[in-house]
Amino acid sequence: MARFTRIEVAQAMKNTGLVPVFYHADVELCKQVVKACYAGGVRVFEFTNRGDFAAEVFGELTKWTAKACPEMIMGVGSIVDEATTALYISIGANFIVSPLIDEGMAKVCNKRKIAWSPGCGSVTEIGRAHELGCEVVKIFPGSSVGGPDFVKGVMGPMPYASIMPTGGVSPDEENLSQWFKAGVHCVGMGSQLFPKEVLEQGNFDYITKKCQEALHIIEKYKK
């Protein structure tokens, strides 16, 4: 069962501004990454469903997080169907993120009052996501659908939209300032926070520092 309401999820995304996106088959490594992000000030974390037995890894990870990092809101991304949505909700996912819009997923999440962020690439898709009960819309892939200029264009006729771009987001001031000046709700960030060599070396202090730097930049440009 979710530990946080869909409203708390949306508010935490806004307040933090950054949602790390990460997957690894080694649950112990995942724990260290979550802990490093938590130490860096992050309070929302997206574990992606991208490997065999990923649900088993998440189940163990989210139980550990509830005790070790109690304020961290754990969700799951890369979900594309309602069955997998229901599976992850049953093992503690507080929010579900998808690269696409699927009405079955929306119904499952709404029945359980779980936050759902589908991937959208047009104004029409964003409008449809809103109709289906989405609070925070994912723009994916962020850089390919038009980047910050796309977000700025959407916010003209739809200033009430809460947009989270994923893909094409990096933890430097030039990149983050463009997204937040455009009016995003928050950003999702993956490999830029977790370089392969950093994980191989177990340099988790690097991740903590990068999170701190990114959050400092975000705070500077948030509207």
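Ala, Val, Leu, Ile, Met, Phe, Trp, Tyr, Cys and Pro count here as nonpolar, Asp, Glu, Lys and Arg as charged, and the others, Gly among them, as polar. This is a predicted model, in which local features need pLDDT of at least 70 and side-chain atom pairs count only at pLDDT 80 or more, while totals for chains, interfaces and linings use all residues. Residues are numbered from 1 along each chain as its sequence is written, and side-chain values use heavy atoms, with hydrogens and water left out.

**Stop 1: the largest pocket**

Select V21, F22, T48, R50 and G190. Of the 14 residues that line the largest pocket, these five lie nearest its centre. Helices (H or I, at least four residues) and strands (E, at least two) are DSSP runs, numbered from the N terminus. The lining comprises six nonpolar, five polar and three charged residues. The volume of the pocket is about 230 Å³.

On a 1 Å grid over the protein atoms alone, a pocket is an open set of points with protein on both sides within 12 Å along at least five of seven lines, whereas a cavity is a set where a 1.4 Å probe fits but cannot get out; lining residues have an atom within 4 Å of a point. Grid points are joined across faces, edges and corners, and a volume is the space filled by probe spheres set on the points.

**Stop 2**

F53 is not a glycine, yet its phi is positive, at about 60°.

**Stop 3: the cavity**

Now select R6, V9, A10, M13, A115, W116, S117, E135 and V136, which line the largest cavity. Its volume is about 40 Å³, and the structure holds one cavity of 30 Å³ or more. Both α1 (6-16) and β5 (115-117) give two or more residues to the lining; α1 gives the most, with four. By class, the lining has six nonpolar, one polar and two charged residues.

**Stop 4: an open sheet**

Show β6, β7 and β8. These three strands form an open sheet in the order β6-β7-β8, with parallel pairing. Two strands pair if DSSP finds at least two bridges between them. At the edges are β6 (119-120) and β8 (163-165), each pairing on one side only. Two bridges join β6 to β7 (residues 137-139), and G119 has K138 in β7 as its bridge partner.

Follow the chain on to P141, in the loop between β7 and α7 (147-155). The peptide bond joining F140 and P141 is cis, with omega at about -15°.

**Stop 5: two helices**

Finish with α8 (residues 173-182) and α10 (residues 204-221), whose axes come within 9 Å and cross at roughly 40°. Axes are lines fitted to C-alpha atoms, for helices over the stretch in contact, and angles run from 0 to 180 degrees between N-to-C directions. To see the contact (heavy atoms within 4.5 Å), select E173, L176, S177, F180 and K181 in α8, which meet A214, I217, I218, K220 and Y221 in α10. By class, this contact has six nonpolar, one polar and three charged residues.
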